[in-house]
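Work through the exercises below with the sequence and the coordinates at hand.

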Amino acid sequence: VLTGVLWVVGCGSPTINVVDPLAVVNWLPHDGATCVDPAWPDLTFSVCLSRPLAAASAAANITLQTVDASGAPDGAVTATIALSGTDPACAQISDFTLADGTDYAIVLAAALEAEDGTTLGHDLMSRLRTRDASCP
């Protein structure tokens, strides 16, 4: 049997701030996509994150790159990177030229920043391969 008095003293309400990390929600095309047709009219890739992106940071820290035999990015492809007009958490990659039978990656640098200053914190990439003779 326990006896005694429990005194609870407090001042105000406790506050908990939950900060969700900046994270990828969706890649288009998905990671590992194959048979991507470089001749598709107005071909555009996109990546959507968990919060609105800072436009200048997206332009500086999102790239489309070729990929070497080991799977590492090895050369930037000239492309336009811009925030989506309908969702500022999504960046669109457009105005690029791809070659058949080639591996590419959409690369997000660790410094990619959301409007609220939250950064991605680590490099991420989504790989894709354009069509080749094995594609239907």
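**Exercise 1.** In this predicted model, determine which cysteine is joined to C35 by a disulfide, and describe the link and its surroundings.

*Solution.* Next consider the torsion about the S-S bond, which is -95 degrees, so that the link of C35 and C135 is left-handed. Then place the two ends along the chain: C35 belongs to strand β2 (residues 33-36), whereas C135 is found in the segment after β9 (124-130), and the pair therefore ties together parts that are 100 residues apart in sequence. Finally, compare the accessibilities: C35 is partly exposed at a relative accessible area of 32%, while C135, at 16%, is buried.

**Exercise 2.** Characterise the disulfide formed by C48 and C90, and state how the bonded cysteines of the protein chain pair in sequence order.

*Solution.* The sulfur atoms of C48 and C90 lie 1.9 Å apart, and the torsion of 110 degrees about their S-S bond makes this link right-handed. Since C48 sits in strand β3 (residues 45-49) and C90 in strand β7 (residues 90-94), the pair ties together parts that are 42 residues apart in sequence. Both C48 and C90 are buried. The count comes to two disulfides, and numbering the bonded cysteines in sequence order gives the pairing 1-4, 2-3.

**Exercise 3.** Identify the residues that touch the most other members of the largest nonpolar core, and list the contacts of F45.

*Solution.* The core holds 25 residues, of which F45, I62, L64, I93, F96, I106 and L112 touch the most other members. Strands β2, β3, β4 (62-67), β7 and β8 (103-108) each supply at least two residues of this core. Leaving aside residues up to four places away in sequence, F45 touches L28, P29, V36, L64, A91, Q92, I93, F96, L98, I106 and L128.

**Exercise 4.** Describe the setting of T66: in which strand does T66 lie, and which residues does T66 touch?

*Solution.* T66 lies in strand β4 and, at 24% relative accessibility, counts as partly exposed. When residues up to four places away in sequence are not counted, T66 touches A72, P73, D74, G75, V77, D103 and Y104. With D74, the side chain of T66 makes a polar contact of 2.6 Å.

Terms used
Residues are numbered from 1 along each chain as its sequence is written. This is a predicted model: local features need pLDDT of at least 70, side-chain atom pairs count only at pLDDT 80 or more; totals for chains, interfaces and linings use all residues. Side-chain values use heavy atoms; hydrogens and water are left out. A disulfide is a pair of cysteine sulfur atoms within 2.5 Å. Helices (H or I, at least four residues) and strands (E, at least two) are DSSP runs, numbered from the N terminus. Buried means under 20% relative accessible area, exposed over 50%, partly exposed in between (1.4 Å probe, protein chains only). A nonpolar core is a set of buried Ala, Val, Leu, Ile, Met, Phe, Trp, Tyr and Cys residues joined through side-chain atoms within 4.5 Å. Contact means heavy atoms within 4.5 Å. A polar contact is a pair of N or O atoms within 3.5 Å; within protein, one must be able to donate a hydrogen and the other to accept it, and residues adjacent in sequence count only if both atoms are side-chain atoms.
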